[in-house]
Amino acid sequence: MKINSSSVPIKRFHIDPQSGTAFSIKQGQIIRIIDVEGEQVSDLFCFAKDEIQEHLSSGHTTDYNGKLFLSKGDTLYSNRSNPMFTIVADQVGKHIMLYAPCSQMMFEKSYGVTEAHPNCLDNLVNNLKSYGVQASQITIPFNIFMNIEIDREGEIKILSPMSKAGDYIELRAEMDMIVGVTACSAGSCNNFEWTPIDVEIYSGDGKL
Ligand SMILES: [Zn+2]
(Lines give C-alpha, C1' and ligand atoms only; values in the text may rest on other atoms or scores of the structure.)
Protein backbone atom coordinates (compact mmCIF):
# COMPACT_ATOMS: atom_id res chain seq x y z
CA MET A 1 0.00 0.00 0.00
CA LYS A 2 1.31 3.45 -0.89
CA ILE A 3 0.87 6.59 1.12
CA ASN A 4 -1.02 9.25 -0.80
CA SER A 5 -2.19 12.78 -0.06
CA SER A 6 -5.32 11.51 1.70
CA SER A 7 -3.38 9.18 4.02
CA VAL A 8 -3.46 10.17 7.68
CA PRO A 9 -0.57 9.26 9.97
CA ILE A 10 -1.39 7.12 13.00
CA LYS A 11 1.37 8.88 14.99
CA ARG A 12 3.49 12.00 14.58
CA PHE A 13 6.57 13.23 16.39
CA HIS A 14 8.14 16.68 16.15
CA ILE A 15 11.87 16.56 16.91
CA ASP A 16 13.17 19.93 18.06
CA PRO A 17 16.57 21.06 16.75
CA GLN A 18 19.48 19.10 18.32
CA SER A 19 17.20 16.56 20.01
CA GLY A 20 15.66 13.14 19.36
CA THR A 21 12.80 10.74 19.95
CA ALA A 22 12.14 6.98 20.11
CA PHE A 23 9.12 4.79 19.42
CA SER A 24 8.13 1.26 18.51
CA ILE A 25 6.87 0.29 15.08
CA LYS A 26 5.19 -2.80 13.63
CA GLN A 27 6.11 -4.73 10.50
CA GLY A 28 4.41 -3.18 7.46
CA GLN A 29 4.08 0.29 8.96
CA ILE A 30 5.79 3.17 7.16
CA ILE A 31 7.84 5.98 8.70
CA ARG A 32 8.02 9.27 6.85
CA ILE A 33 10.98 11.40 7.98
CA ILE A 34 10.58 15.02 6.94
CA ASP A 35 13.28 17.66 6.72
CA VAL A 36 11.06 20.53 7.85
CA GLU A 37 13.23 23.50 6.88
CA GLY A 38 15.80 21.81 4.60
CA GLU A 39 19.53 20.91 4.85
CA GLN A 40 19.07 18.96 8.09
CA VAL A 41 20.57 15.53 8.76
CA SER A 42 18.66 12.95 10.83
CA ASP A 43 20.23 9.84 12.35
CA LEU A 44 18.06 6.73 12.70
CA PHE A 45 19.01 3.60 14.63
CA CYS A 46 16.81 0.59 15.33
CA PHE A 47 16.60 -2.73 17.15
CA ALA A 48 14.42 -5.80 16.66
CA LYS A 49 11.53 -5.39 19.11
CA ASP A 50 11.91 -8.71 20.87
CA GLU A 51 15.65 -9.20 20.48
CA ILE A 52 17.75 -6.18 21.26
CA GLN A 53 20.93 -7.97 20.16
CA GLU A 54 19.68 -7.61 16.59
CA HIS A 55 20.21 -4.07 15.31
CA LEU A 56 20.86 -1.99 12.21
CA SER A 57 24.17 -2.82 10.49
CA SER A 58 26.07 -0.51 8.16
CA GLY A 59 28.35 -3.35 7.04
CA HIS A 60 25.53 -5.71 6.11
CA THR A 61 23.59 -2.91 4.39
CA THR A 62 26.63 -1.92 2.31
CA ASP A 63 27.30 -5.56 1.41
CA TYR A 64 23.78 -6.51 0.29
CA ASN A 65 23.11 -3.26 -1.58
CA GLY A 66 26.60 -3.13 -3.11
CA LYS A 67 26.83 0.65 -2.77
CA LEU A 68 27.36 3.49 -0.34
CA PHE A 69 24.62 5.89 -1.43
CA LEU A 70 21.14 4.65 -0.52
CA SER A 71 17.79 5.64 -2.00
CA LYS A 72 14.38 4.30 -3.08
CA GLY A 73 14.30 0.52 -3.48
CA ASP A 74 17.25 -0.12 -1.17
CA THR A 75 16.95 -2.19 1.99
CA LEU A 76 18.54 -1.58 5.38
CA TYR A 77 19.79 -4.81 7.01
CA SER A 78 20.45 -6.01 10.54
CA ASN A 79 23.61 -7.56 11.95
CA ARG A 80 21.83 -10.92 11.42
CA SER A 81 21.27 -10.27 7.69
CA ASN A 82 17.54 -9.67 8.07
CA PRO A 83 15.82 -6.76 6.29
CA MET A 84 14.81 -4.05 8.80
CA PHE A 85 13.58 -1.26 6.52
CA THR A 86 12.97 -0.79 2.80
CA ILE A 87 13.14 2.74 1.36
CA VAL A 88 9.78 3.04 -0.43
CA ALA A 89 9.83 6.75 -1.30
CA ASP A 90 12.60 9.34 -1.42
CA GLN A 91 12.42 12.97 -2.52
CA VAL A 92 16.16 13.54 -2.09
CA GLY A 93 17.85 10.50 -3.67
CA LYS A 94 21.03 10.17 -1.62
CA HIS A 95 21.54 9.03 1.96
CA ILE A 96 24.40 7.15 3.65
CA MET A 97 25.05 4.77 6.52
CA LEU A 98 28.70 5.47 7.29
CA TYR A 99 29.11 7.83 10.22
CA ALA A 100 28.85 7.14 13.93
CA PRO A 101 26.31 9.39 15.59
CA CYS A 102 27.90 12.70 16.58
CA SER A 103 28.92 12.55 20.26
CA GLN A 104 30.41 14.67 23.03
CA MET A 105 33.72 12.91 22.38
CA MET A 106 33.56 13.72 18.66
CA PHE A 107 32.97 17.41 19.36
CA GLU A 108 35.90 17.41 21.80
CA LYS A 109 38.32 15.50 19.54
CA SER A 110 37.42 17.06 16.19
CA TYR A 111 36.46 20.60 17.18
CA GLY A 112 38.11 21.22 20.57
CA VAL A 113 34.75 21.82 22.23
CA THR A 114 35.08 21.92 26.01
CA GLU A 115 31.48 22.63 27.06
CA ALA A 116 28.71 20.06 26.93
CA HIS A 117 27.43 19.96 23.33
CA PRO A 118 24.11 18.46 22.19
CA ASN A 119 24.79 15.32 20.16
CA CYS A 120 23.03 12.46 18.39
CA LEU A 121 24.52 9.70 20.55
CA ASP A 122 23.13 11.17 23.79
CA ASN A 123 19.85 11.97 22.06
CA LEU A 124 19.53 8.36 20.89
CA VAL A 125 20.55 6.85 24.23
CA ASN A 126 18.36 9.15 26.34
CA ASN A 127 15.31 8.35 24.24
CA LEU A 128 16.00 4.62 23.80
CA LYS A 129 17.00 3.82 27.40
CA SER A 130 13.40 3.18 28.45
CA TYR A 131 13.54 0.24 25.98
CA GLY A 132 16.67 -1.09 27.70
CA VAL A 133 19.19 0.27 25.20
CA GLN A 134 22.67 1.38 26.32
CA ALA A 135 25.19 3.60 24.50
CA SER A 136 27.47 0.64 23.68
CA GLN A 137 24.63 -0.99 21.68
CA ILE A 138 24.37 1.91 19.24
CA THR A 139 26.71 1.54 16.27
CA ILE A 140 26.32 3.24 12.87
CA PRO A 141 22.92 4.84 12.25
CA PHE A 142 21.26 5.52 8.92
CA ASN A 143 22.52 9.05 8.17
CA ILE A 144 19.37 10.38 6.50
CA PHE A 145 19.81 13.43 4.23
CA MET A 146 23.59 13.38 4.83
CA ASN A 147 25.48 14.36 1.67
CA ILE A 148 29.09 13.43 0.98
CA GLU A 149 31.43 13.10 -1.97
CA ILE A 150 34.12 10.40 -2.18
CA ASP A 151 37.10 10.94 -4.51
CA ARG A 152 39.20 8.27 -6.26
CA GLU A 153 41.56 8.01 -3.29
CA GLY A 154 38.59 7.41 -1.01
CA GLU A 155 38.81 10.79 0.63
CA ILE A 156 35.45 12.05 1.85
CA LYS A 157 34.15 15.60 1.64
CA ILE A 158 31.11 16.47 3.75
CA LEU A 159 28.66 18.66 1.84
CA SER A 160 25.43 20.43 2.80
CA PRO A 161 22.37 18.19 2.48
CA MET A 162 20.53 18.31 -0.85
CA SER A 163 17.17 18.22 0.97
CA LYS A 164 14.91 21.23 0.67
CA ALA A 165 12.17 22.32 3.09
CA GLY A 166 9.50 19.63 3.33
CA ASP A 167 11.47 16.89 1.55
CA TYR A 168 11.01 13.42 3.00
CA ILE A 169 12.03 9.79 2.84
CA GLU A 170 9.70 6.86 3.61
CA LEU A 171 10.86 3.62 5.22
CA ARG A 172 8.69 0.49 5.40
CA ALA A 173 9.34 -1.61 8.49
CA GLU A 174 10.22 -5.21 7.61
CA MET A 175 9.97 -6.41 11.23
CA ASP A 176 8.64 -5.13 14.57
CA MET A 177 11.22 -2.67 15.92
CA ILE A 178 12.28 -0.05 18.42
CA VAL A 179 13.47 3.05 16.57
CA GLY A 180 15.43 6.15 17.63
CA VAL A 181 15.56 9.27 15.42
CA THR A 182 17.43 12.56 15.87
CA ALA A 183 17.77 16.02 14.41
CA CYS A 184 21.57 16.12 14.15
CA SER A 185 23.62 18.59 16.19
CA ALA A 186 26.82 18.62 14.11
CA GLY A 187 28.09 21.55 12.03
CA SER A 188 29.24 21.02 8.46
CA CYS A 189 26.81 18.22 7.56
CA ASN A 190 23.88 20.54 8.45
CA ASN A 191 25.31 23.66 6.76
CA PHE A 192 25.85 25.08 10.29
CA GLU A 193 22.18 25.52 11.11
CA TRP A 194 20.13 23.25 13.37
CA THR A 195 16.50 22.77 12.48
CA PRO A 196 13.70 20.32 13.39
CA ILE A 197 12.77 16.95 11.91
CA ASP A 198 9.19 15.65 11.74
CA VAL A 199 8.34 11.96 11.86
CA GLU A 200 5.01 10.49 10.75
CA ILE A 201 4.00 6.84 11.07
CA TYR A 202 1.47 5.35 8.65
CA SER A 203 -0.29 2.02 8.96
CA GLY A 204 0.93 0.94 5.49
CA ASP A 205 -0.16 -2.63 4.89
CA GLY A 206 0.46 -3.50 8.53
CA LYS A 207 -1.80 -3.62 11.53
CA LEU A 208 -2.42 -0.59 13.70
ZN1 LIG B 1 24.51 14.17 14.80
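This briefing covers the zinc site, the salt bridges, and the pocket and cavity of the structure above. The model is predicted, so local features need pLDDT of at least 70 and side-chain atom pairs count only at pLDDT 80 or more, while totals for chains, interfaces and linings use all residues. Residues are numbered from 1 along each chain as its sequence is written, and side-chain values use heavy atoms, with hydrogens and water left out.

**Zinc site and cysteines**

- The zinc ion has the protein donors Cys102 (SG), Cys120 (SG) and Cys184 (SG), at 2.2 to 2.3 Å; donors are N, O and S atoms within 2.8 Å of the metal (3.2 Å for Na, K and Ca), and sites may look incomplete because water is not among the atoms.
- The donor residues follow the spacing C-x17-C-x63-C in sequence.
- Cys102 lies in the loop between strand E7 (83-90) and helix H2 (104-111) and Cys184 in the loop between strand E12 (177-182) and strand E13 (197-202), so the pair ties together parts 82 residues apart in sequence. Helices (H or I, at least four residues) and strands (E, at least two) are DSSP runs, numbered from the N terminus.
- Both Cys102 and Cys184 are buried, where buried means under 20% relative accessible area, exposed over 50%, and partly exposed in between (1.4 Å probe, protein chains only).
- The whole structure has zero disulfides, a disulfide being a pair of cysteine sulfur atoms within 2.5 Å. For Cys46, the nearest cysteine sulfur is that of Cys120, 15 Å away.

**Salt bridges**

- There are seven salt bridges, each a side-chain nitrogen of Lys or Arg within 4 Å of a carboxyl oxygen of Asp or Glu.
- Arg32 and Glu170 form one of them, at 2.7 Å, N to O.
- Arg32 is buried at 12% relative accessible area, and Glu170 is buried at 5%.
- Arg12, Arg32, Glu170 and Glu200 are linked in a salt-bridge network.

**Pocket and cavity**

- The largest pocket has a volume of about 280 Å³. On a 1 Å grid over the protein atoms alone, a pocket is an open set of points with protein on both sides within 12 Å along at least five of seven lines, a cavity is a set where a 1.4 Å probe fits but cannot get out, and lining residues have an atom within 4 Å of a point. Grid points are joined across faces, edges and corners, and a volume is the space filled by probe spheres set on the points.
- Of the 20 residues lining the largest pocket, Tyr99, Ala100, Pro101, Cys102 and Met106 lie nearest its centre.
- One cavity of 30 Å³ or more is found; the largest cavity has a volume of about 40 Å³.
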